[in-house]
Amino acid sequence: MDNFIRETIVDVVGGYRGRTAYRTPLVGFAAASDQGFAGLRDVVGPGHLIPHDLLPGARTVVAFFVPFDSELVCLQREDSYVSRAWAEAYIETNRLIESVCGALGDALAEKGIMAAWQQPTHNFDPVELVSIWSHKHVAYLCGLGSFGRHRMLITRAGCAGRLGSLVTDAALPEETLAPHKRTADPTGEICLTWRGGPCDACIRRCPSGALTTDGFDRQRCYRYLLEVNDHFPDLGLCHVCGKCATGPCALSIPSVE
Ligand code: SF4
Ligand code: SF4
């Protein structure tokens, strides 16, 4: 079943024909009963859902990362502002993630398996900016990577891309589930700074000052995303920046020099 789920996700992304180009998605799994999900109420916020809130009878959580191609990352690196192509990719990839969830949900339903999911974005409290289903934390629990200084998840395909997740009542073999594969790096960390650095490229690239050596100012970052949204009025809702996702961890696990 894990291969069926993985192949379905890879096929939907591979068959996508739009403006944005993608590399092969990564897929990870966790037991719905993993105590890490309940722990997200402390880590993310008290309103964070657990898998059983999405699907009573949930047994497995599936997370996937859809990585952008290197050309898009270069465009975003070179643009003095947020690249228009990057903003378009944000919108397009959110739609793709909805398609992946829909296609996988249908394919599982044909096998008598139920699935439920949350939309790819804007599932957060608009005042506190705290998510009720954080795909990046879910993806961490599914073993897809570890967090960088920029607070994004860095996978073995980097951090430039977008995440989706589903909950199913399919039971998967124990050996396919995190925590056995919770991090992609044997040290447990992928971010260069957390591995002894130096790096901090994400801080240098942040145009708003939200990301500093002192921490991350969520409200300041979000104000900048709103500015970007206003900058591209013809694109539709694009609260996006991601300049911090174009450093050495954008496309792969960065090497320590
Ligand atoms: S840019 Fe450097 S410091 Fe920032 S998250 Fe990536 S590896 Fe870590
Ligand atoms: S998304 Fe943009 S504004 Fe927010 S922390 Fe990253 S670089 Fe800074």
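This is a predicted model: local features need pLDDT of at least 70, side-chain atom pairs count only at pLDDT 80 or more; totals for chains, interfaces and linings use all residues.
A residue is counted as near a molecule when its C-beta atom, placed from the backbone, lies within 6 Å of that molecule.

Ligand 2 has 13 residues around it, of which Cys206, Ser208, Cys221, Cys241 and Cys244 come nearest. Its shell consists of eight nonpolar, three polar and two charged residues.

Attention may now turn to the strands. Strand E2 spans residues 60-67 and is mostly covered, with eight of its eight residues buried. Thr60, Val62, Phe64 and Val66 point one way from E2, while Val61, Ala63, Phe65 and Pro67 point the other way. Strand E2 is joined to strand E1 (residues 26-31) by six bridges, and these two strands run antiparallel; within this pairing, alanine 30 has valine 61 of E2 as its bridge partner. Strand E2 also pairs with strand E6 (residues 161-168), again in the antiparallel sense, over eight bridges. There, proline 67 has glycine 161 of E6 as its bridge partner.

Leucine 251 lies in the segment after helix H8 (218-231). Leucine 251 is classed as buried because 20 other C-beta atoms lie within 10 Å, and a residue counts as buried at 20 or more. Apart from its neighbours within four places in sequence, leucine 251 is in contact with Ser70, Val73, Gly158 and Ala160. Cysteine 101 is 150 residues away from leucine 251 along the chain, and the C-alpha atoms of the two are separated by 24 Å.

Terms used
Residues are numbered from 1 along each chain as its sequence is written. Chains are lettered from A and ligands numbered from 1 in the order in which they are written. Ala, Val, Leu, Ile, Met, Phe, Trp, Tyr, Cys and Pro count as nonpolar, Asp, Glu, Lys and Arg as charged, and the others, Gly among them, as polar. Helices (H or I, at least four residues) and strands (E, at least two) are DSSP runs, numbered from the N terminus. A residue is buried if 20 or more other C-beta atoms lie within 10 Å of its own, exposed if 12 or fewer, and partly exposed in between; C-beta atoms are placed from the backbone. Two residues are in contact if their C-beta atoms, placed from the backbone, lie within 7 Å. Two strands pair if DSSP finds at least two bridges between them.
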